[in-house]
Amino acid sequence: MNGTFLNYKIFVTTSTSTTENDWGPPVAEGSFDWALVEIKDVVFAPKAGQYVIFQCTSGMGGWTAAGEVWVYERPIDPYDLVLPANGGRLESFTSQFDTNAWAAARLTDGFKDGVGRSWASTPLPTGSHDFTYSFLNQEVARLESAVIYNSTEPNQAYWSKEVEFSGSMDGTSWSLISTGLLAQGFGPQAFDLNGSIARYVKVAVKSGYSSTYRELGEIECMEGLRPTWCCRQRREAGVLHVQFDTNAWAAARLTDGVAQGDGTVGRARLIRLGRKNSFTAF
Ligand SMILES: [Ca+2]
């Protein structure tokens, strides 16, 4: 969390009631001293529930503001974001040998290597061969690591070599996360994705050990702590308690992925609340 409120309570509940008495005891409560705009972490024992309620009970200087509120689930270990069964989707690719045995879709078919279970490039590959994935419901995710299974045909040498991982929030503008060098061999090869936040991940095969083909068995993208986008769930329920307006200072700004803003340039992210008003965000 960040902002300029003072006292808070956090509840985890399955109740849809707007009455605090129905939410059970808070999982955390306290006060923050906001000398600076900064990020504060509140750690509490995990509790199962359908909703998280962040309640601000008092503000500072006549206003209460918060830039960003994220709630994290316990890590689900392991969770492969790009596996179709988990909601992963191959959005686009730039190369495949055919549409069946060596298709790009073989990179996320759950089989680590082997003929009919791996991807092969077009012949005589040059440049970068790219695969772009989105996650469940095209949600933003925290990327912990990529696990690549290199592959090639029996007695051949079509191993892939250099790989590059990039993240994007819009599928257009990309940020390089990391690069890696694949060994010539089967089995998992892991690369750190540094907890990057992204809506799309691009895996680029930049080169191979052979100039004839490049082949690869499987791509996994493991999730780190999972941010829960609480405001939107509350808005879908049709009960949004307190927000200053519906745009620059809307409650949705609490989960737009940007921590700070001054509210004067049409892209601010703070929610302003009347002093002592209860603030409930899902
Ligand atoms: Ca595969």
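## Terms and basis of the model

A nonpolar core is a set of buried Ala, Val, Leu, Ile, Met, Phe, Trp, Tyr and Cys residues joined through C-beta atoms within 7 Å. A residue counts as buried if 20 or more other C-beta atoms lie within 10 Å of its own, as exposed if 12 or fewer do, and as partly exposed in between, with C-beta atoms placed from the backbone.

The structure is a predicted model, in which local features need pLDDT of at least 70, side-chain atom pairs count only at pLDDT 80 or more, and totals for chains, interfaces and linings use all residues. Residues are numbered from 1 along each chain as its sequence is written.

## Overall composition

The protein chain has one helix and 18 strands; these are DSSP runs numbered from the N terminus, with at least four residues (H or I) for a helix and at least two (E) for a strand. Buried residues form 34% of the 282 residues in the chain.

## The four-stranded sheet

Strands S8, S15, S10 and S13 form an open sheet in the order S8-S15-S10-S13, with antiparallel pairing. Strand S8 (119-120) and S13 are at the edges with a single partner strand each, so one side of each has no neighbour in the sheet. Two strands are said to pair if DSSP finds at least two bridges between them.

Within this sheet, S10 (residues 141-150) and S15 (residues 215-223) are joined in the antiparallel sense by seven bridges. Leu-143 has Glu-223 in S15 as its bridge partner.

## The nonpolar cores

The largest nonpolar core has 32 residues, and those touching the most other members are Ala-146, Ile-148, Phe-165, Val-201, Val-203, Ile-219 and Cys-221. S10 supplies the largest share of this core, with five residues. Another core, of twelve residues, lies apart from it and includes Tyr-51, Val-52, Ile-53 and Val-69.

Beyond its neighbours within four places in sequence, Cys-221 has contacts that include Asp-80, Tyr-133, Leu-143 and Val-201. A contact requires the C-beta atoms of two residues, placed from the backbone, to lie within 7 Å.

## An exposed loop residue

Gly-185 belongs to the loop between strand S12 (175-181) and strand S13 (188-198). Gly-185 is exposed because 11 other C-beta atoms lie within 10 Å.

## Confidence

The predictor's confidence in each residue is expressed as pLDDT, from 0 to 100. The chain has a mean pLDDT of 80, with 73% of its residues at 70 or more.
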